[in-house]
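Student: I would like to learn how to read a protein model, one feature at a time. Could you guide me through this one?

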Amino acid sequence: MARNRRQLSDPGITFLFLALLLHFYSGTSVLQLNYYSESCPRAEEIIKQQVVNLYHKHGNTAVSWIRNLFHDCMVKSCDASLLLETARGVESEKLSSRSFGMRNFKYIDTIKKAVESECPQTVSCADIVVLSARDGFELLGGPYIEMKTGRRDSKESYATVVEDSIPNHNDSMSLVLSRFQSIGIDAEGTVALLGAHSVGRVHCVNVVNRLYPTVDPTLDPEYAEYLERRCPSPEPDPKAVQYARNDLETPMVLDNMYYKNILSHKGLLLVDQQLVSDPTTSPFVEKMADDNGYFHDQFSRALLLLSENNPLTGDDGEIRKDCRYVNV
Ligand code: HEM
Ligand SMILES: [Ca+2]
Ligand SMILES: [Ca+2]
């Protein structure tokens with residue numbers, strides 16, 4: 001008892017209490033589950049319906065939604081900064097070399113239009129980015145992840161910092177780990193997130209450095225032959241749609257095949273292969289290759305952390321009418 005009393009009168013505790021009070025009364029709301037329950041009760045349902053429709057028309061849209069979340073949330077915040085076009089003084093993040101190969105943006109507009117027709121200017125593009133990735137993951141064989149909403153959209157693009165935030169395909173593992181660490185994602189979570197490369201494709205420009213002038217000796221020879229067939233020129237035309245599949249075994253399932261592939265030297269990017277050779281990350285690779293349930297748990301945990309990176313809430317930002325442009 002005496003000890004408790006001393007703790008309660010501690011000036012540190014008093015300060016903490018006041019800081020908490022200030023936080024709750026300052027008017028800034030935070031993300032919450034089902035944020036649109038009053039303002040647009042069917043928001044999450046409409047988004048899911050659209051994601052499912054699109055998936056049945058173009059399966060790779062689900063793949064794009066996962067990559068979108070990464071590229072938006074990693075740059076400053078999950079604030080749909082990624083979706084802005086170059087216009088009215090805005091320089092689009094989509095033009096950064098890191099965004100190379102990103103596709104299906106026009107279908108984000110399809111989702112947004114469906115939501116707008118029921119609830120005009122109520123649901124943010126940032127929440128659409130996050131919820132479409134959540135629903136896309138489920139369609140690609142992942143579990144349902146409960147996610148909070150209430151993010152607002154940025155009024156600016158951060159094209160100039162994209163390269164400082166998103167690693168390059170041939171960056172060192174320590175740099176990759178530090179980028180994710182800076183937004184609170186540990187090595188285990190980072191290894192899990194890279195498992196997104198269990199779906200989708202990579203263009204030849206990002207692969208040829210491992211094939212020419214000589215084939216990277218760490219590549220499985222048969223797999224190297226496949227890559228050479230897909231990418232026969234050391235200098236592919238960047239505009240040509242020449243690519244290799246990330247995962248030849250289960251290309252449309254976001255499963256732990258990625259880890260089995262990289263353990264058998266069938267990693268596409270240098271960064272994928274390094275997960276196996278780096279002593280910090282390799283134990284997680286082994287565990288994820290062995291256990292798809294563990295991989296899905298870790299992927300979900302890390303995707304959730306990524307989705308809550310530094311959101312704009314309260315009076316910050318805006319709710320865009322059109323995801324491609326800031327409101328006028
Ligand atoms: C160090 C981190 C990462 C690097 C360097 C990286 C790099 C790349 C590159 C170079 C491509 C191929 C682009 C192309 O040539 O078309 C790609 C594709 C992809 N990445 Fe990553 N990535 C990283 C992490 C992630 C994370 C964390 C996610 C999601 C959670 C992700 C999701 C994807 C997806 C889904 C694709 C396939 C896209 C498609 O087929 O349209 N990546 N990534
Ligand atoms: Ca962003
Ligand atoms: Ca797969």
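This is a predicted model: local features need pLDDT of at least 70, side-chain atom pairs count only at pLDDT 80 or more; totals for chains, interfaces and linings use all residues.

Student: Is His197 buried or exposed?

Tutor: The general idea is to count neighbours: a residue is called buried if 20 or more other C-beta atoms lie within 10 Å of its own. His197 has 22 other C-beta atoms within 10 Å, so His197 is buried. Leaving aside neighbours within four places in sequence, its contacts are Asn246, Tyr258, Leu268 and Asp272.

Student: Which other positions does UniProt give as "binding site"?

Tutor: The unreviewed UniProt entry places that feature at Asp72, Val75, Asp79, Ser81 and Glu93. These residues are spread over 22 residues of sequence, yet they cluster in space, with a largest C-alpha distance of 12.4 Å. Pro167 carries the feature "binding site" in the unreviewed UniProt entry too.

Student: Where does Val75 lie, and which residues is it in contact with?

Tutor: Val75 belongs to the loop between helix H4 (60–73) and helix H5 (105–118). With 26 other C-beta atoms within 10 Å, Val75 is buried. Once neighbours within four places in sequence are set aside, Val75 is in contact with Ser81, Leu82, Glu93, Tyr158, Val161, Val162, Ser165 and Ile166.

Student: And what surrounds Asp79?

Tutor: Asp79 is placed in the loop between H4 and H5. Its count is 28 other C-beta atoms within 10 Å, so Asp79 is buried. Not counting residues up to four places away in sequence, Asp79 touches Ala126, Arg151, Arg152, Asp153, Ser154, Leu312 and Gly317.

Student: How many other C-beta atoms lie within 10 Å of Pro167?

Tutor: Pro167 has 19 of them, and the cut-off for buried is 20 or more, so Pro167 is partly exposed. You will find Pro167 in the loop between helix H7 (162–165) and helix H8 (173–181). Apart from residues up to four places away in sequence, Pro167 touches Leu175, Val176, Arg179 and Val271.

Student: How should I read the surroundings of a ligand?

Tutor: Begin with the shell of residues around it, then ask where those residues come from. Ligand 1 is surrounded by 24 residues, and the closest are Gly101, Leu193, Ala196, Gly200 and His203. At least two residues of this shell come from each of H4, helix H9 (187–194) and strand E3 (201–203). H4 gives the largest share, 5 residues. By class, the shell has 13 nonpolar, 8 polar and 3 charged residues.

Student: Which domains does the shell around ligand 1 draw on?

Tutor: It takes at least three residues from each of domain 1 (32–163) and domain 2 (173–303).

Student: How do I describe two domains that touch?

Tutor: Give the distance between their centres, then look at each side of the contact. The centres of domain 1 and domain 2, taken over C-alpha atoms, are 24 Å apart. Their contact involves 12 residues from domain 1 and 12 residues from domain 2. On the domain 1 side, H4 provides the largest share, 3 residues. That side of domain 1 has 8 nonpolar, 4 polar and no charged residues.

Student: What can I check about a helix such as H6?

Tutor: You can compare its expected span with the distance between its ends. Helix H6 (residues 125–139) has 15 residues and should span 21 Å at 1.5 Å a residue; its end C-alpha atoms are 21 Å apart, which agrees. Of those 15 residues, 14 are buried, so H6 is largely enclosed by the rest of the structure. Just after H6, Gly141 adopts a positive phi of about 100°.

Student: What separation do the C-alpha atoms of Leu305 and Ile185 have?

Tutor: They are 7.0 Å apart, although the two residues are 120 residues apart along the chain. Leu305 is part of helix H14 (residues 292–307). With 17 other C-beta atoms within 10 Å, Leu305 is partly exposed. Leaving aside neighbours within four places in sequence, Leu305 is in contact with Gly184, Ile185 and Gly189.

Methods:
Residues are numbered from 1 along each chain as its sequence is written. Chains are lettered from A and ligands numbered from 1 in the order in which they are written. Helices (H or I, at least four residues) and strands (E, at least two) are DSSP runs, numbered from the N terminus. The expected span of a helix is 1.5 Å times one less than its number of residues. A residue is buried if 20 or more other C-beta atoms lie within 10 Å of its own, exposed if 12 or fewer, and partly exposed in between; C-beta atoms are placed from the backbone. UniProt positions are given in the numbering used here, feature names are shortened, and annotations may be inferred rather than shown by experiment. Two residues are in contact if their C-beta atoms, placed from the backbone, lie within 7 Å. A residue is near a molecule or strand if its C-beta atom, placed from the backbone, lies within 6 Å of it. Ala, Val, Leu, Ile, Met, Phe, Trp, Tyr, Cys and Pro count as nonpolar, Asp, Glu, Lys and Arg as charged, and the others, Gly among them, as polar. Domain bounds come from an automatic or database domain assignment.
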